[in-house]
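Hi everyone, thanks for coming.

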Amino acid sequence: AGGAGGAGAPVAVSQEEGLGAIKRALSSASARAEDIAATLPVERLEREIEELEAAQSEEGFWDDANRAQAAMTALSAAKEELNLVEVPRALLREAGELLELLESDEEAAADAELVAEVAAAAESAERAVSSAETRALLSGDFDRDGATLTISAGAGGTDACDWAAMLLRMYTRWAERRGFAVKQRAVSAGDEAGIKSAEVEISGAYAYGWLRSENGTHRLVRMSPFGAKPKRETSFASVEVMPVSGLEEQFDTMYDDIPKDDLVVTTTTAQGAGGQNVNKVE
């Protein structure tokens with residue numbers, strides 16, 4: 001009996017230490033979540049969401065396609081930003097309630113499966129907080145937009161072209177794994193291998209925010225596979241990232257309804273030997 005009691009004591013201590021570690025982790029994550037909330041205009045976002053949702057039921061709201069699309073985009077952005085606060089809080093609250101249950105029930109606290117369940121809930125909450133922290137950094141004016149990447153081979157000859165192709169594959173695979181749509185607008189092949197340049201459009205929320213730090217010159221140092229003998233080569237490729245606002249279609253159609261009476265059309269003709277009198281208004 002004494003042996004059994006001695007064997008049980010370390011297990012109880014281990015579980016207590018486990019619950020203590022979970023409690024400390026939740027406390028730290030909760031503080032970080034509140035730091036995020038302090039940086040966001042939560043009340044304004046809630047009010048904006050309420051107003052935009054109410055506007056959808058107004059008569060004639062859907063008659064103006066551009067206005068409706070802009071409102072829906074704003075609503076989606078506001079909800080996504082508010083979720084940076086609400087989702088971590090909900091997960092932290094759930095994990096905290098499970099932890100309180102274990103702390104108040106010795107029998108439950110001795111159940112390894114329940115302890116593991118609480119640990120998993122705490123880990124999920126911590127991941128949500130970390131994700132929200134990263135997302136909160138994407139607060140630039142154009143961070144939510146899509147992006148256009150222009151990759152150009154620099155100094156380094158064939159190795160630079162190969163390096164540019166490697167970058168193109170890397171960004172394409174990264175974007176696809178994140179669920180972004182990738183469209184190659186133009187690709188210029190290298191003379192022997194790789195590419196001289198490429199332009200790629202990556203569509204999706206916050207694509208530009210994630211990619212804007214990639215702007216600049218990228219360097220690769222390696223043993224070149226293209227020479228007759230192995231030789232250490234340094235290759236360069238430039239990456240330019242520009243935001244795609246998604247407003248092009250609105251710009252294309254915003255002047256469709258201009259009355260013809262408001263337009264002034266003039267034609268000119270060229271005559272003479274040139275100079276200031278070449279263009280004559282008819």
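So, to start: is R185 buried, partly exposed or exposed? R185 is partly exposed, at a relative accessible area of 46%. By that I mean the class in between buried, which is under 20% relative accessible area, and exposed, which is over 50%, using a 1.4 Å probe and protein chains only.

Quick housekeeping. This is a predicted model, where local features need pLDDT of at least 70, side-chain atom pairs count only at pLDDT 80 or more, and totals for chains, interfaces and linings use all residues. Residues are numbered from 1 along each chain as its sequence is written, and side-chain values use heavy atoms, with hydrogens and water left out.

Okay, back to R185. Its salt-bridge partner is E199, with the closest N and O atoms 3.2 Å apart. A salt bridge here is a side-chain nitrogen of Lys or Arg within 4 Å of a carboxyl oxygen of Asp or Glu. This pair links distant parts of the chain, 14 residues apart: E199 sits in strand β3 (residues 195-203) and R185 in strand β2 (residues 181-189). Helices (H or I, at least four residues) and strands (E, at least two) are DSSP runs, numbered from the N terminus. E199 is partly exposed too, at 26%.

How many salt bridges does a search of the whole structure find? It finds 14. Another one joins R32 and E133, whose closest N and O atoms are 2.9 Å apart. R32 is in helix α1 (residues 2-39) and E133 in helix α5 (residues 112-136), so this pair ties together parts that are 101 residues apart in sequence. E133 is partly exposed, at 28% relative accessibility. There's a network of salt bridges here as well, linking R32, E126 and E133.

Next, R222 and D159. They form a salt bridge, with 3.4 Å between the closest N and O atoms. R222 belongs to strand β4 (residues 216-224) and D159 to helix α6 (residues 157-177), so the pair ties together parts that are 63 residues apart in sequence. R222 is partly exposed, with a relative accessible area of 21%, while D159 is buried, at 5%.

Last stop: E113, in helix α5. What is its relative accessible area? The value is 65%, so E113 counts as exposed.
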